Amino acid sequence: MHIVLQLIPKKYLIGGTLILLGLSGLLIMSTIVAITGEFEKNSQQSEVTEIEGGGIGVGTANVSPEVMKYQPLLEKYAQKHGLDASYVPIMMALMMQESGGRGNDPMQSSESFCGSVGCISSPELSVDKGVLHFKSVLEKAHYDLKLCLQSYNFGGGFINYVMKNGGKYTPELAISFSQSQYQKVKHTGNYHCVRPEMVPYSACYGDALYVNAVLKYYTGTITADGKPAAPASGGSGSKSGVKVIDAGKTLIGKTRYVFGGGRSQSDINAGRFDCSSFVRWAFEQVGMNVGPMSGVTTDTLKTQGQAINPKDMKPGDVVFFDTYKIDGHVGIYVGNNQFLGCQGKTGVAIASMAKGTYFGERFNGRVKRF
């Protein structure tokens, strides 16, 4: 072989080597492109599915950051167990009442899972079993959502009680059930009224006012089929959306961007806002509460309202952008590929989100209607 190589002119050896290296490079590049293309294809399919999936539904959960962090898990297990995503805000409100998002069993689902308190020590297992139990109770309650919520507290016996007494939840039935059950167990000394106002009624079994306790953390209405619905006053994509834009425009040229600003009245009076505090302020001007002044962030705003496909967005919808992080910037869509927001160099201003612009390239497809 060595002799053969010696007989071949050196220039041909060099040329052949370069050709082989070139072919190898082309093969490697084509493989990388194929893999990358498939990855991008899968990523795009995943993104479309997320946009069209409806997010967390049409109601709004007004809960603590500790509860909000469980939103992705609640969505995950709602999908796993075949529960409509519109119930996720209600389950967030339920978790807020049960635990405030604290502890290893935030949905307090140990009893429904294994029959005793304390058997769950994993927050994800708590959410998994809590969502499954919620769905089971909802179905047994024939999608009477208030009956479902009260039964989550009382246990399944309350559903049977209601079915024998009119077939629909009422506060009076909740009190009478609590009274009857308390008479059976008060001799144990283990039951005490969690609410002083129930003492005169001897309704000390569970929490007879549990439905209202949960719903105080939820903004929305409940339809005849038991599903949560958008607030009756109309959302940001309706006439209210135009009003939000008009309110926000009053701050154009009067503010400056301050990261973390807008979370006190003195900041607001001085015109110091960041993107999320400005959005909260604008909606507050038209009577819509989308979160506490002191705790609003892009992450809390994205848990609010109804998810909208970008092709269906209307003026007043809230749009999100991936800047320094996922959903790092937020603004209010005004139409014609423009949004109203509080940006770093301009303060409150209208900016373009058309393709090729800074925000156009960072728009991530998340649109919410409050």
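## A buried ring pair

Both Phe273 and Trp281 are buried, meaning under 20% relative accessible area with a 1.4 Å probe and protein chains only. The two also form an aromatic pair, with ring centres 6.1 Å apart and 70° between the planes, which makes the pair edge-to-face. Rings of Phe, Tyr and Trp (its six-membered ring) pair if their centres lie within 6.5 Å, and planes over 60 degrees apart count as edge-to-face.

This is a predicted model, where local features need pLDDT of at least 70, side-chain atom pairs count only at pLDDT 80 or more, and totals for chains, interfaces and linings use all residues. Residues are numbered from 1 along each chain as its sequence is written, and side-chain values use heavy atoms, leaving out hydrogens and water.

The structure holds 18 aromatic pairs. Elsewhere, ring pairs tie Phe154, Phe158, Tyr161, Tyr169, Phe177, Tyr191 and Tyr205 into a cluster.

## The second largest pocket

Now for the second largest pocket, lined by 25 residues. Glu98, Gln108, Glu111, Tyr152 and Asn153 lie nearest its centre. Here a pocket is an open set of points on a 1 Å grid over the protein atoms alone, where a 1.4 Å probe fits and protein lies on both sides within 12 Å along at least five of seven lines; lining residues have an atom within 4 Å of a point.

Terms used. Rings of Phe, Tyr and Trp (its six-membered ring) pair if their centres lie within 6.5 Å; planes under 30 degrees apart count as stacked, over 60 as edge-to-face and the rest as tilted. Buried means under 20% relative accessible area, exposed over 50%, partly exposed in between (1.4 Å probe, protein chains only).
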